[in-house]
Amino acid sequence: MPVTLSSRYQASEGLSRYAEREAEEILRIYTTRFPDKRVRLILYEGDNPVWAAPSIVPGEPALGPEHCGPGFLGIVEGGVEDGEAVTVFSSIPRRPTPAEREDTEAPWVPSTRMLGTLFRVSPLLYEDLRHRHELRRQKEMETHQWSPLPNSTGGARFVPAEPDFGDRRPAVLVGFHWLEVGGAEKLGFDCVRWAQEAGLRVFVVASVQALQRLADRLPDSDDVTFIRLDRYLAHGEWAPYVLNLIRQENIRLIHIHHCVPLYSALPTVRMMAPWVQVVDSTHIIEYSDGGYPRISGVWSNFIDVHHVISRELIAMYRDRFHVSNKVRLGRMLDRPEAPRQLPAPNMAAGKQVLTITFVGRLYYQKRPGLVVLIMKALADWAGKAGVTLQFHFVGEGPFEKACTGLMRRLGLEAMTKLHAAGTDIPALLGQSDILLLPSSNEGLALVCYEAIEKGAIPLSTDVGSQSEIVPPELLLPRAPRAALKRTVEIVDRMWRDGDFVAAQGRELATRYAAVAADPTAREVMMPLYEAVAGTK
């Protein structure tokens, strides 16, 4: 629907192009939400960079002095000229500061003074305490719903008629958690490109209020539209909005990547637009509440296909939700034209210089503080063994300041090189002997694939589906103190025993080949996209 700022009200000459674009976006959203109404926007300068705090009022409420303070920008109208009015009060989020663009997360600090003292005095004891707290929260998982919501299997007698879309090309609606760094988001971006390649127009939404700093990675195409519901529409308004978007844009498929309000919209979609297909992709089972796989299972009766990245998730749908016939395994790997020839391990017994690398977002899930403590334990081992260590520490996030401070306290600065998240990871792993991944939880870490492809040996906690790619002899206990001790034991054995290194290299290659033989995510998704697009 074409939208302009012209109405009874004219945009002021001093209105910035940014504010004008945002006003156009808000008007597009609300004329879609209320397609038969005259939409009046009352706009303000916001002091929040991510959320507009919109409120919807029926009709044209009387305006008082409180509505025209210093932040008042003006009034914009659109929609049906003689329709019933609806008024939306909304701010336009301010532009983020350079510091906010770099990192939206405040540096991590312990939540209480006592925990802060514990972290300073004994970081490993602090890690033990966090782990025990996580185990207690894991017991709460069973308090959440683990059964599918009921849904009609097609017995409705009165089915809404499908609109006549004429020559409007089919489209897909892709729902992200957010457009920030993450494994699920990488798959989401891939799916946008695959859908476009299949001939679909693509509409993208995100559920979490954020700067969406990776929005510029979406294809620069008229066929790809990022709709800023994350900043301008409350979750409770998504269901009617999505229904109207389906009817306006010939959306034939919804693909959910960790997007809660799209799950919540599914009853409306199923009842009012039953011709629309639904697929979702899930990655990791969270300890506290089951995470998105559990949410997906709860909504399973409203979903046509569950795409999963690991066999652990296949088992979860089967055992917890009794769903198996519509679960599709699609690995987050590319299918090379020729079988990939994996290199021998970079690690060798008796090597005098070892390069050890950590790659991950600096959030607790990756346990970067434990990584630093493991680095210290390995440095102590290396001093006794006469080995020179080089550490590479790659990542950004709220734990960065705490980790670099801990490195200084433990005397690791001279042997550690810090890297930003945009570093060439494959090249770095090609120079590395060992990859450290002592995470508290994982789905199936992409960096393990990359490490094996480049000859680095991954040492990973035995969590999620890591055992599908990492052999038993290279798996670490989840408990922090035991993980630290086991890491040193494995590194020591590899340094002393060349046969052990060779055996682990063969086992890694065998496991990688088994995973690589499975369908890829692209091979699962492209037939769905092409069928909807009518290009297959």
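Student: What are the ground rules here?

Tutor: The model is predicted; local features need pLDDT of at least 70, side-chain atom pairs count only at pLDDT 80 or more, and totals for chains, interfaces and linings use all residues. Residues are numbered from 1 along each chain as its sequence is written, and side-chain values use heavy atoms, leaving out hydrogens and water.

Student: How many residues has helix α4, and what span does it reach?

Tutor: Helices are DSSP runs (H or I, at least four residues) and strands are too (E, at least two), numbered from the N terminus. The expected span is 1.5 Å times one less than the number of residues. Helix α4 (residues 123-138) has 16 residues and reaches 23 Å from first to last C-alpha, close to the expected 22 Å.

Student: Which residues of α4 are buried?

Tutor: Buried means under 20% relative accessible area, exposed over 50%, partly exposed in between (1.4 Å probe, protein chains only). In α4 they are P123, L124, Y126, E127, D128, H131 and E134.

Student: How many salt bridges are there?

Tutor: Side chains of opposite charge can pair when their charged atoms come close. The rule asks for a side-chain nitrogen of Lys or Arg within 4 Å of a carboxyl oxygen of Asp or Glu. The count is 37.

Student: What does the R168 bridge tie together?

Tutor: R168 pairs with E249, closest N and O atoms 2.9 Å apart. R168 sits in the loop between α4 and β5 and E249 in helix α7 (residues 238-249), so the bridge joins parts 81 residues apart in sequence. E249 is buried at 12%; R168 is partly exposed at 38%.

Student: Is K366 buried or exposed?

Tutor: K366 is buried, as is E442. The two form a salt bridge, closest N and O atoms 2.6 Å apart.
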